Amino acid sequence: MFRQIEPMASSPRAGGAAQRPNGATQNKICQFKLVLLGESAVGKSSLVLRFVKGQFHEYQESTIGAAFLTQTLCIDDTTVKFEIWDTAGQERYHSLAPMYYRGAQAAIVVYDIQNSDSFARAKTWVKELQRQASPNIVIALAGNKADLANSRVVDYEEAKQYADDNGLLFMETSAKTAVNVNDIFLAIVNALLNACEVCCMKNCIMVIIVTLKSSVMTLEPADGMMKLMRSSMLG
């Protein structure tokens with residue numbers, strides 16, 4: 001379960017506590033950078049607008065360079081704040097893309113299910129992210145304009161198979177009808193939070209191992225009895 005809340009005035013990083021609207025205390029705050037990539041006119045800006053403001057504009061102006069939005073979600077005892085970079089799809093802005101996906105924890109690569117060229121372009125974006133973005137980035141593939149499925153060109157099973165083969169999250173979405181828009185962002189949140197938990201567990205294990213190496217328990221005889229002593233190990 002999650003709900004959207006108004007963006008917070010500050011920009012908290014992971015850690016600390018936040019207040020819910022009803023005054024209860026949140027245990028954890030996480031902030032993630034997310035970038036949207038894809039061919040021009042596939043509906044990237046419409047997806048973001050639907051997710052952040054719950055709105056859809058039939059005629060959306062093309063993004064110039066990139067647009068920046070934020071959205072904050074409450075998920076159980078965690079507040080998640082997204083910093084969302086909606087990039088322009090025109091080829092002349094391609095060289096700017098690394099500036100926006102650098103340091104991103106997640107990316108949504110969008111294509112139009114009516115346009116096979118946009119699907120091919122989406123594959124190119126995925127390859128670029130896998131090659132140049134953070135090695136732990138969570139990538140979701142969104143087949144947008146699912147409300148126009150009667151005129152689809154890109155088969156659902158083909159896209160799903162490609163996503164599975166490349167370790168991507170995948171959903172067909174519709175910014176117009178809101179189908180799967182919140183769901184794809186929630187799937188990304190869950191993947192990010194799960195990755196954070198695994199990372200924390202690994203760090204804890206490393207701390208335990210280092211502690212055990214620096215201080216071990218040995219038994220030595222003393223006055224006919226076994227006495228528990230702690231000896232330091234060098235290295």
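Here are some questions and answers about a predicted model, for a reader new to this structure.

This is a predicted model in which local features need pLDDT of at least 70 and side-chain atom pairs count only at pLDDT 80 or more, while totals for chains, interfaces and linings use all residues. Residues are numbered from 1 along each chain as its sequence is written, and side-chain values use heavy atoms, with hydrogens and water left out.

Q: How many salt bridges does a search of the whole structure find?
A: Side chains of opposite charge can pair when their charged atoms come close. A salt bridge here is a side-chain nitrogen of Lys or Arg within 4 Å of a carboxyl oxygen of Asp or Glu. Searching the whole structure by that rule gives a total of 5.

Q: Which residue meets Glu58 in a salt bridge?
A: Glu58 sits in the loop between helix H1 (44-53) and strand S3 (66-75), and its partner lies 118 residues away, in the loop between strand S7 (169-172) and helix H5 (181-214). Helices (H or I, at least four residues) and strands (E, at least two) are DSSP runs, numbered from the N terminus. The N to O distance is 3.7 Å, and the partner is Lys176.

Q: Is Asp112 buried or exposed?
A: Buried means under 20% relative accessible area, exposed over 50%, and partly exposed in between (1.4 Å probe, protein chains only). Asp112 forms a salt bridge of 3.3 Å, N to O, with Lys145. Lys145 is partly exposed at 22%. Asp112 has a relative accessible area of 8%, so Asp112 is buried.

Q: What separates Asp164 and Lys160 along helix H4?
A: The side chains of Asp164 and Lys160 meet in a salt bridge of 2.9 Å, N to O. Asp164 is partly exposed at 43%, and Lys160 is partly exposed at 27%. Because they are 4 residues apart in helix H4, what separates them is about one helical turn.

Q: Are H3 and H4 roughly parallel or antiparallel to each other?
A: Axes are lines fitted to C-alpha atoms, for helices over the stretch in contact, and angles run from 0 to 180 degrees between N-to-C directions. Angles under 35 degrees count as roughly parallel, over 145 as roughly antiparallel, 65 to 115 as roughly perpendicular and the rest as oblique. Helix H3 (residues 116-132) and helix H4 (residues 156-165) pack at about 5 degrees, with axes 12 Å apart. H3 and H4 are therefore roughly parallel.
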